[in-house]
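Please read it alongside the structure.

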Amino acid sequence: MEALSERKILVVGASSGLGRATAIELQRNGANVVFAARRRQALEEAVAEAGGGHVVVIDALDPSSIEQGVADAVDALGGLDGIVYTSGMSPMAPMAELTQEDWQAVFGVNTFGPNLIIKAALPHLSEDAVVAAVSSDSTEMPRHSLVPYAASKRALEATMEGWRTESLGTRRFVTVILGPTMPTEFANSFTPEAFEAAIPHWQRQGFRTGIMNGHEVAHGLVSCFAALFAAPTFGIESLLLRSPEPEVANQFSPNVEQQ
């Protein structure tokens, strides 16, 4: 994709799942990519698979780590043309069982983190930069036992609208609304008992069961980035990605990313 050649892009959440697949796809299509997340070894493995790129450790729950990580990304690339934020987390439990620490962690990763990264990166973004943050198709109807996730991602969508409102010029801020996608590590901490308790509620709520392949989603996102870089007056504000519904409903499992 010629429009991606030499573009300088920071991908946060690049150690696994959609973030990893997107960072690899960008690197292989000519972009200069910083792979960022908490786990250095996983990032180094992703860079090796991509055949290039830079590793920067960023903990989305730590403001000082965010500031240092963005500075390191800017130093490594010589500026920024784009950001992709894919990190997301949530406990799986009914609201009545959640603690203040649970809520703080979820909003820290899903809402505060991306906004602090954008703030730190803003002085270094090119005039035609593209900033994308991944939200969830569950924000309008939160899934039972995953309410903090939906609430924090809905807040993220509002803040992305805020960046579009407050940022004049040709920088684009894109909200990617994602349906269930795999493979992922999103549900690694969920217990089988929690899934068993939640599934009847999800069925009652009538959720779609189509599941997207993360590598295919990554290819689609990278194609959108290329289109945006090729046409500075072309904008995408919100992008809803969902799989077609299968003829036979898929069964939810801990390997499905509940985006």
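**Salt bridges**

This is a predicted model. The count of salt bridges comes to eight. Three of them are listed here.

| aspartate 128 | arginine 7 | 2.8 Å |

Start with arginine 7 and aspartate 128, whose closest N and O atoms are 2.8 Å apart. This pair joins distant parts of the chain, 121 residues apart. Arginine 7 sits in the segment before S1, and aspartate 128 in strand S5. Both arginine 7 and aspartate 128 are buried. A network of salt bridges links Arg7, Asp81 and Asp128.

Glutamate 127 is also in strand S5. Its partner, arginine 171, lies in the loop between H5 and strand S6 (172-178). Again the pair links distant parts of the chain, here 44 residues apart. Glutamate 127 has 55% relative accessibility, so it counts as exposed, the cut-off being over 50%.

Is aspartate 137 buried or exposed? Aspartate 137 is buried, because its relative accessible area of 15% falls under 20%.

**Helix packing**

Two packed helices are described by the angle between their axes and the distance between the axes. Helix H1 (residues 17-28) packs with helix H7 (residues 214-230) at about 50 degrees, and the axes are 8 Å apart. H1 and H7 are therefore oblique to each other. Their crossing is right-handed.

Which residues of H1 meet H7? They are Leu18, Ala21, Thr22, Glu25 and Leu26. On the H7 side, the contact includes Gly214, His215, Val217 and Ala218. His219, Leu221 and Val222 of H7 take part as well. By class, the contact of H1 with H7 has seven nonpolar, four polar and one charged residues.

Most residues other than glycine have a negative phi. Glutamate 6 has a positive one, near 65 degrees. Glutamate 6 is placed in the segment before strand S1 (8-12). Its relative accessible area is 51%, so glutamate 6 is exposed.

Serine 145 also has a positive phi, of about 75 degrees, although it is not a glycine. Serine 145 lies in the loop between strand S5 (125-136) and helix H5 (147-166). At 7% relative accessibility, serine 145 counts as buried.

Definitions and conventions
Residues numbered from 1 in each chain as written. Predicted model: local features only at pLDDT ≥ 70, side-chain atom pairs only at ≥ 80, totals over all residues. Heavy atoms only, no water. Helix = DSSP H or I, 4+ residues; strand = E, 2+ residues; numbered from the N terminus. Buried < 20%, exposed > 50% of the residue type's maximum accessible area, 1.4 Å probe, protein only. Axes fitted to C-alpha atoms, helices over the stretch in contact; angles between N-to-C directions. Parallel < 35°, antiparallel > 145°, perpendicular 65-115°, else oblique. Left-handed = near helix turned anticlockwise from the far one by under 90°. Contact = heavy atoms within 4.5 Å. Nonpolar A, V, L, I, M, F, W, Y, C, P; charged D, E, K, R; others polar. Salt bridge = Lys/Arg side-chain N within 4 Å of Asp/Glu carboxyl O.
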